[in-house]
Every structure is written in C-alpha cells, then in structure tokens.
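Here are some friendly notes to read alongside the model. Please keep the structure open while you go through the points.

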Amino acid sequence: MMTSQAPVHTPASIAEALSLRAAHPEAWLLAGGTDIMVYLEAHAIDPPGFIDLWQVADLRGIDAGADHIRIGACTDYTAIIDDADCQKHLPTLVEAARTVGARQIQNRGTIGGNIANASPAGDTMPVLLALDAIVELQSEKRGLRSVPLADFYTGYKRTVMAADELIAFVRIPKPSAADRLHFRKVGTRMAQSISKVVLGGRLRFDGDTVSEARLGWGSVAATPVRSTIAEQMLVGKPLSAQSISDAVAALAGDITPIDDVRSTADYRKSVARRILRSWLETLAG
Ligand SMILES: Cc1cc2nc3c(=O)[nH]c(=O)nc-3n(C[C@H](O)[C@H](O)[C@H](O)COP(=O)(O)OP(=O)(O)OC[C@H]3O[C@@H](n4cnc5c(N)ncnc54)[C@H](O)[C@@H]3O)c2cc1C
C-alpha cells in the first residue's frame with residue numbers, strides 16, 4: 001500500500017487545528033482518509049503535509065436545536081445512521097449515509113470530508129441541498145462564517161473555502177411537518193457503488209399547493225446542483241400531470257451530465273427524468 005512520508009500534524013482542539021491551518025495552508029486536512037488514501041494509492045496527490053482532524057472531539061457529534069440540527073464536520077456516517085434526532089428529522093440524510101460504501105467506510109468516512117472532497121457524485125450533497133444545509137467554515141483570523149451549500153461549489157472540485165479555513169459544522173434546518181422528503185440513488189448495484197445519478201428532494205405543501213421545492217442532484221453536472229428551473233415549475237400550484245411534466249421537461253435546462261467510466265450523459269438524463277417523475281407521481285397519488 002502507498003503511504004506518504006509527509007509530516008502529519010495532530011491537533012487536539014479546534015483552536016489548535018485552526019492555528020495549524022493558518023501556519024500550513026499548503027497542508028491537506030485529513031479526516032477519515034477514505035478519499036485521501038485512494039488518491040495516495042493512485043499517486044494522484046503528493047501533499048507536503050497533513051493536518052489530521054480525527055482527534056478533534058469538538059468537530060464530532062450531532063446537536064439538535066429547536067429549529068436545526070448541527071453536525072460536526074468529522075462526524076462519521078455510522079454516527080449519523082445511529083442518531084435518534086437524525087432518524088427523526090433527517091431521514092433522507094440517514095438513508096444517504098446508509099448507501100455510502102459499506103460498514104468500514106461508514107465507520108471512517110465523514111460528512112465534512114464528503115462535502116469538502118467536492119465530488120459531483122458524493123451522496124450526501126443532493127440531500128443536504130434539498131434541506132437548505134449551511135456549511136459553517138472556520139478560520140483562526142475570521143472565526144465562523146456560514147455559506148449555504150447551494151453557494152459552496154464554484155466549479156469541478158472547487159469550493160469557496162479559503163486556504164486557512166476548514167469545515168467545522170453543517171447546520172441543517174429541521175424539515176417541517178408540511179415537508180415531503182425523498183432520496184434516490186441509482187448505481188450499478190445497491191452496495192459499494194458510486195452513483196450514476198442521485199436525487200435528494202424536498203417539497204413543502206400549503207394544503208394542496210406546493211409552496212417550496214428543492215431538488216438536489218448528484219452525478220449530473222460538474223458539481224452537486226439544484227435544478228432550480230424544474231423547482232420553479234412546481235411552486236405555487238398543486239401537483240398535477242401538467243406540473244409534473246413541466247418540471248421533468250425543465251430538467252434539461254438544469255443538468256449537464258457527461259459521459260464517463262460509470263455511465264453516459266444520455267443515460268443520466270433519462271434516469272434523472274424517470275426518478276423525478278416517479279417521486280412526483282407517487283406524491284400526487
Ligand atoms: C470503498 C469506498 C467506497 C465509497 N463509497 C462512497 C459512496 O457510496 N458515496 C460517497 O459519497 N462517497 C463514497 N466514498 C468516498 C468517501 O468515503 C466519502 O467522500 C467520505 O465522506 C470522505 O470523508 P473522509 O473523512 O474520509 O475524507 P478524507 O479522505 O479525510 O478527506 C477528503 C477531502 O476532504 C478534505 N477535508 C476533510 N475534512 C475536512 C474538513 N473538516 N474541512 C475541510 N476539508 C476537509 C480533505 O482535505 C480532502 O480533500 C467511498 C470511498 C471508498 C474508499
């Protein structure tokens with residue numbers, strides 16, 4: 001197995017981690033290492049150093065407030081799956097966490113690592129986009145700042161995170177009783193597969209009328225994206241055959257999938273249309 005000879009800093013607190021981050025902006029943050037180890041093995045990266053966040057207890061754990069749930073960036077998938085508040089309020093995040101790799105990856109991979117790795121195929125981001133999640137970035141100099149996940153990605157594997165920042169927390173508003181949530185991952189098989197298409201959805205109803213629509217997608221663009229044109233087709237009216245068809249058709253303007261080793265652009269477009277229609281038709285009853 002490939003290893004790195006680069007120095008590894010091991011902070012024990014957020015303050016120490018931020019100070020190391022400011023002093024060594026070229027070093028890579030290391031959380032569970034489940035993405036980084038793959039890159040090292042493939043000789044795809046050669047970082048001059050690492051800041052290992054695994055021992056920073058303050059970056060782990062899940063706190064439920066009155067109107068939101070705040071998850072530490074270094075919280076692993078197993079902790080999310082097992083957490084009673086996540087099960088109750090964020091069932092689609094729990095579902096997504098259950099599909100990430102297998103038990104070994106769920107015990108080690110973190111939500112902050114998934115977000116920061118910025119893969120368009122990451123499983124939690126479509127769900128987090130649908131839930132209007134906020135990324136809390138922290139630096140020694142400027143403290144905490146909140147960035148909606150919808151504004152976090154600027155291009156393929158690019159984010160707004162500055163060289164002296166780390167992701168400290170993810171804050172997720174609790175869905176209301178009027179929200180209907182959805183998670184659908186299409187991959188080669190149920191376990192251990194990177195997605196071909198992922199949909200995280202949230203529709204809020206005021207009576208029969210859709211008052212808010214969020215459709216988060218994975219593997220259909222250079223970054224995790226929301227399909228805002230399709231969302232607009234749904235808002236302000238009851239779900240009907242017409243509004244569903246309009247939203248499905250509008251997807252063409254929202255997503256830009258590519259051909260790659262896992263799938264083709266045409267297949268991804270067709271699957272995206274199909275899984276959106278299937279969810280909306282189920283909701284419409
Ligand atoms: C066998 C296998 C199966 C997998 N299956 C899936 C899957 O089904 N779905 C899926 O989405 N992913 C999958 N992955 C990818 C990976 O497990 C996830 O992306 C995981 O969440 C990464 O978290 P980590 O803590 O291991 O990140 P690391 O590997 O430690 O880091 C990943 C990136 O994030 C940065 N980073 C980490 N923490 C922070 C932080 N707090 N602030 C800022 N930057 C940070 C690192 O510098 C690095 O760039 C799989 C990986 C493997 C090896």
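1. A word on classes before we start: Ala, Val, Leu, Ile, Met, Phe, Trp, Tyr, Cys and Pro count as nonpolar, Asp, Glu, Lys and Arg as charged, and the others, Gly among them, as polar. By that scheme, the shell around the ligand holds 15 nonpolar, 13 polar and three charged residues.

2. Some ground rules. This is a predicted model, in which local features need pLDDT of at least 70 and side-chain atom pairs count only at pLDDT 80 or more, while totals for chains, interfaces and linings use all residues. Residues are numbered from 1 along each chain as its sequence is written, and side-chain values use heavy atoms, with hydrogens and water left out.

3. Which residues come nearest to the ligand? They are Leu29, Thr34, Asp35, Tyr77 and Thr110, out of 31 residues around the ligand (a residue is near a molecule or strand if one of its heavy atoms lies within 4 Å of it).

4. Next, the polar contacts (pairs of N or O atoms within 3.5 Å; within protein, one must be able to donate a hydrogen and the other to accept it, and residues adjacent in sequence count only if both atoms are side-chain atoms). A side-chain N or O atom of Asp35 is 2.6 Å from an oxygen atom of the ligand. The backbone contributes too: an N or O atom of Ile36 lies 2.9 Å from a ligand oxygen, and a polar backbone atom of Thr99 is 3.4 Å from a ligand oxygen. Taken alone, the ligand exposes 980 Å², and the protein buries 89% of that (areas by the Shrake-Rupley method with a 1.4 Å probe; for residues, only the protein chains shown count as cover).

5. Helices (H or I, at least four residues) and strands (E, at least two) are DSSP runs, numbered from the N terminus. Strand S2 (28-30), helix H2 (36-41), helix H7 (111-117) and strand S10 each supply at least two residues of the ligand's shell. H7 gives the largest share, four residues.

6. Strand S10 also belongs to an open, antiparallel sheet of five strands, ordered S4-S5-S10-S6-S7 (two strands pair if DSSP finds at least two bridges between them). Its edges are S4 (62-64) and S7 (143-148), each pairing on one side only. S4 and S5 (residues 68-72) run antiparallel, joined by three bridges, and Ile62 stands opposite Ile71 in S5.

7. Do look at the other open sheet: four strands, S11-S12-S13-S14, with antiparallel pairing. Nine bridges link S11 and S12 (residues 195-206), and Phe183 has Gly200 in S12 as its bridge partner.
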